[in-house]
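Have the model open next to you as you read.

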Amino acid sequence: MLNIENYAIWNIFGIDIWITETIVNTWIIMLVLTLIALYTRSKLKKFKEIPAGFQNAIEAVIEMFDNFITNTLGKKLSYIAPWYFMVFMFVLFSALMSIFGLRAPTADWATTFALAFASFILMLGMGFKHQKGAYLKSFFNPHFIFFPLNLIGEIAKPVSLSFRLFGNMLSGTIILTLYYGLMPYFTQIGIPALLHAFFDIIFGALQTYIFVILSLMYVKGAAE
């Protein structure tokens, strides 16, 4: 479970593409989220002014996340909420799918770095969009000789963000793997459910929140 399996190698235009366990599990999570989205869209075709049942639950989730983004970024930047809702759901489902025996894609640094790098690009984009030249000038504050340090500080943000999520998710995978490998068979009934509940649900939800809130703070800092 600690080693990432390689299922196949696709050669595309002379380039070897490794289809690893992380990629396959990512595809599975994407499929699950897509099916949930399609099901939700079909159920909400008949929109009611007074929501009830399933519509009420979906609206409550969306409204809660929208308020979370607005309170964190302010109304000025709240239009990026859909992107971070996608990130939130993907990271959360990556942890939850571990309950069903799938290795969390976020336990692979390639996945967490890709998510953190996307936030880094968004941070730069929002900085230049809202501050324009002032954002570029901030790299040379308080003096131009500090440019290398300021640049390293900005680059360190996605790196630290990716390693934080990767390390925390991998630690849960390691602990569960050690438990299954070292404990007698009769202790693997019942007790693992508690471990999965903690590492996959509680710990996974906590790490999802931390990753998203830190990403939002980086974006807010760049835009303001």
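1. Start with the largest pocket: 14 residues line it, and Leu-33, Ile-36, Ala-37, Phe-85 and Met-89 are the ones nearest its centre. Its space comes to about 420 Å³. A pocket here is an open set of points on a 1 Å grid over the protein atoms alone, with protein on both sides within 12 Å along at least five of seven lines, and a lining residue has an atom within 4 Å of a point. Volume is the space filled by probe spheres set on the points, which are joined across faces, edges and corners. The elements giving two or more residues to this lining are α1 (21-43), α2 and α3 (81-96); helices are DSSP runs of H or I with at least four residues, strands are E runs of at least two, and both are numbered from the N terminus. By type, the lining splits into 12 nonpolar, one polar and one charged residue (nonpolar: Ala, Val, Leu, Ile, Met, Phe, Trp, Tyr, Cys and Pro; charged: Asp, Glu, Lys and Arg; polar: the others, Gly among them).

2. A word on the ground rules. The model is predicted, with local features needing pLDDT of at least 70 and side-chain atom pairs pLDDT 80 or more, while totals for chains, interfaces and linings use all residues. Residues are numbered from 1 along each chain as its sequence is written, and side-chain values use heavy atoms, leaving out hydrogens and water.

3. Next, the cavities, meaning sets of points where a 1.4 Å probe fits but cannot get out. Three of them reach 30 Å³ or more. Two or more lining residues come from each of α4, α6 and α7 (191-223), with α4 giving the most, at four. Six of the lining residues are nonpolar, two polar and one charged.

4. Now the aromatics: which residues make up one cluster? Trp-109, Phe-113, Phe-117, Phe-120, Phe-163 and Phe-166 do. Rings of Phe, Tyr and Trp (its six-membered ring) pair if their centres lie within 6.5 Å, with planes under 30 degrees apart called stacked, over 60 edge-to-face and the rest tilted. That rule gives 12 aromatic pairs. Trp-109 and Phe-163 count as stacked because their centres are 5.1 Å apart and their planes at 20°. This pair joins distant parts of the chain, 54 residues apart: Trp-109 sits in α4 (residues 109-131) and Phe-163 in α6 (residues 147-182).

5. Phe-163 also pairs with Phe-166, edge-to-face this time, with centres 6.5 Å apart and planes at 65°. Both lie in α6, three residues apart, or about one turn of the helix. As for burial (buried is under 20% relative accessible area, exposed over 50%, partly exposed in between, with a 1.4 Å probe and protein chains only), Phe-166 is buried at 19%. Phe-163 is partly exposed at 43%, and Trp-109 is partly exposed at 31%.

6. Helix α2 (residues 54-73) passes a length check: its 20 residues should span 28 Å, and the end C-alpha atoms are 29 Å apart, which agrees. The expected span is 1.5 Å times one less than the number of residues. Among its buried residues are Phe-65, Phe-68 and Ile-69. Just after α2, Gly-74 takes a positive phi of about 90°.

7. Lastly, Trp-10 in strand β1 (residues 6-12). Trp-10 is partly exposed, at 43%. Setting aside neighbours within four places in sequence, its contacts (heavy atoms within 4.5 Å) are Ile-15, Asp-16, Ile-17, Ile-19 and Trp-27.
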